Amino acid sequence: MLNKINYLETGTERYPMVFTLNVMESIQEKYGTIEAWSSLIQREGEPDIKALKFFMTEAINEGIEIESEKTGEKRKPITGKQAGRILTEIGISGTANKIMSTISDSVETDTTPKNEETTKSPAKK
């Protein structure tokens with residue numbers, strides 16, 4: 001997984017959004033599985049707004065925390081209500097596209113693993 005930060009932009013703010021194992025864990029705690037959550041936001045008709053808001057809150061707050069660790073700038077986490085306002089301003093389809101893009105970007109694998117050990121068996125004589 002990659003820690004790729006995508007941004008949601010409203011008329012006045014720019015919110016970092018990431019999909020990390022921390023976000024995945026939160027989704028599993030609330031919805032049981034990532035697949036169960038995913039089916040709610042991708043269902044026919046209209047997506048489950050609560051599931052969208054939950055993801056946005058978790059993903060944005062994780063992005064804020066990562067940026068704060070990197071820059072030292074302290075930014076307050078958002079609430080579920082603020083996520084709803086962001087969703088309202090950006091629109092459901094725009095937000096859903098950004099969520100799918102964020103997930104897709106994050107689950108791409110790096111072709112050069114940094115912490116993978118390669119062990120070779122000693123040559124037999």
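I take contact to mean heavy atoms within 4.5 Å. I looked up contacts in the protein chain between residues at least 6 apart in sequence, and 62% of them join residues at least 24 apart.

**Basis.** I am working on a predicted model, in which local features need pLDDT of at least 70 and side-chain atom pairs count only at pLDDT 80 or more, while totals for chains, interfaces and linings use all residues. Residues are numbered from 1 along each chain as its sequence is written, and side-chain values use heavy atoms, with hydrogens and water left out.

**Overall layout.** I took helices (H or I, at least four residues) and strands (E, at least two) as DSSP runs, numbered from the N terminus. The protein chain has five helices and two strands, and I read the pattern along the sequence as β-β-α-α-α-α-α. For burial I used relative accessible area: buried is under 20%, exposed is over 50%, and partly exposed lies in between (1.4 Å probe, protein chains only). Of the 125 residues in the protein chain, 36% are buried.

**The strands.** I checked β1 (residues 6–9) against β2 (residues 14–17) and found them paired in the antiparallel sense over four bridges; two strands pair if DSSP finds at least two bridges between them. A hairpin of four residues joins β1 to β2. Across the pair, L8 stands opposite Y15 in β2.

**T10.** I found T10 in the loop between β1 and β2. Is T10 buried or exposed? T10 has a relative accessible area of 14%, so it counts as buried. Leaving out residues up to four places away in sequence, T10 touches Y15, I86, E89 and I90.

**Helix α1.** I listed the buried residues of α1 (residues 21–31) as V23, S26, I27 and Y31. They span an arc of only 105° around the axis, so they are on the same side of α1; the arc is that of the directions from the helix axis to the C-beta atoms. L21 and E29, on the other side of α1, are exposed. The buried residues of α1 pack against α2 and α3 (49–71). After α1 comes G32, which has a positive phi near 90°.

**α1 with α2.** For helix pairs, axes are lines fitted to C-alpha atoms over the stretch in contact, and angles run from 0 to 180 degrees between N-to-C directions. The axes of α1 and α2 (residues 34–41) come within 8 Å and cross at roughly 80°, so I note the two helices as roughly perpendicular. My classes are roughly parallel under 35 degrees, roughly antiparallel over 145, roughly perpendicular from 65 to 115, and oblique for the rest. M24, I27, Q28 and Y31 of α1 meet I34, A36, W37 and L40 of α2. I sorted these residues into seven nonpolar, one polar and no charged. Here Ala, Val, Leu, Ile, Met, Phe, Trp, Tyr, Cys and Pro count as nonpolar, Asp, Glu, Lys and Arg as charged, and the others, Gly among them, as polar.

**α3 with α4.** The axes of α3 and α4 (residues 80–90) are 9 Å apart, and the helices pack at about 105°. α3 and α4 are therefore roughly perpendicular to each other. From α3 I found I49, L52, K53, M56, T57 and I60 in the contact, and from α4 G80, A83, G84, I86 and L87. These residues divide into seven nonpolar, three polar and one charged.
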